[in-house]
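Where do charged side chains pair in a protein, and how open are the paired residues to the surroundings? The paragraphs below go through some examples in one model.

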Amino acid sequence: QQGRAPEAVTLYRRVLQRYPRHADAMHLLSVAQFQSGQAEQAVATARKAISINPKAADYHSNLARYLLSLGQLEEALREAETALASAPTHAAARFNAGTVLAQLGRHEAAIAQLSEYCRLAPSDPGGHHLLGSVYAELHRHSEAAASFQRAIAASPGIAEPHNNLGNSLQALGRAADSIPHYEQALRIRPHYPDAMSNLGAAYQALDRLAAEYEAAKAELAAK
């Protein structure tokens with residue numbers, strides 16, 4: 001939602017008319033532009049702010065976010081890495097770097113960045129959820145489930161971590177355990193198509209297990 005970002009754009013432009021080399025005002029203008037849906041303008045403005053103060057980690061981190069939204073992944077990664085070079089504990093830059101690396105398919109590097117982000121910002125469900133998603137891409141389902149559980153602990157009212165935890169449990173052969181998580185996802189978002197489909201698949205898996213059990217029992221009884 002844009003909120004009052006367009007008003008902020010106007011305000012920061014007025015400041016810059018009077019103080020054209022005010023780096024912080026220029027950086028904040030880029031943030032307001034991005035929040036207003038003007039990603040390309042935000043990139044240009046952020047670059048101007050960086051030209052005035054090239055050592056500001058916040059500027060580079062936010063520029064990485066803008067570039068990421070435009071699909072310019074390699075440039076986004078460079079900016080995130082520049083931010084981290086001067087501020088290794090910059091949480092947003094860690095998250096941005098991890099997000100870009102995940103989209104580039106560099107999963108192990110993404111895990112390293114996102115694990116550090118989760119250490120720096122343990123209460124953010126988004127970091128745990130993205131880390132879980134990367135683990136899931138690698139079929140590391142136990143680690144994915146643990147990350148999704150941490151995302152749920154941080155914010156229980158988001159549907160996606162419940163659904164994805166259910167998927168990880170199914171992948172681990174725990175269909176019965178997955179069902180409550182799909183059901184919780186649907187309580188949060190009643191028309192969530194992925195959760196509906198996955199819940200159906202979990203019930204089918206249980207039916208197959210029950211049928212296999214009955215067949216094995218009948219075979220044993222016949223011997």
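What follows is a walk through salt bridges in a predicted model.

Side chains of opposite charge can pair when their charged atoms come close. In this structure there are seven salt bridges. Three of them are taken up below, each with the accessibility of its two partners.

One of the bridges joins arginine 4 to glutamate 7, and the closest N and O atoms of this pair are 2.8 Å apart. Arginine 4 has a relative accessible area of 62%; because exposed means over 50%, arginine 4 counts as exposed. Glutamate 7 is partly exposed, at 47% relative accessibility.

Another bridge links the side chains of glutamate 116 and arginine 119, with an N to O distance of 2.6 Å. Both residues belong to helix α7, which covers residues 107–120. Along this helix, glutamate 116 and arginine 119 are three residues apart, or about one turn. Arginine 119 is exposed at 55% relative accessibility, whereas glutamate 116 is partly exposed, with a relative accessible area of 22%.

A further bridge is formed by the side chains of arginine 140 and glutamate 143, at 2.8 Å from N to O. Here both partners are partly exposed: the relative accessible area is 25% for arginine 140 and 32% for glutamate 143. This pair also belongs to a network, in which salt bridges with shared partners join Glu108, Arg140 and Glu143.

How values were computed:
Residues numbered from 1 in each chain as written. Predicted model: local features only at pLDDT ≥ 70, side-chain atom pairs only at ≥ 80, totals over all residues. Heavy atoms only, no water. Salt bridge = Lys/Arg side-chain N within 4 Å of Asp/Glu carboxyl O. Buried < 20%, exposed > 50% of the residue type's maximum accessible area, 1.4 Å probe, protein only. Helix = DSSP H or I, 4+ residues; strand = E, 2+ residues; numbered from the N terminus.
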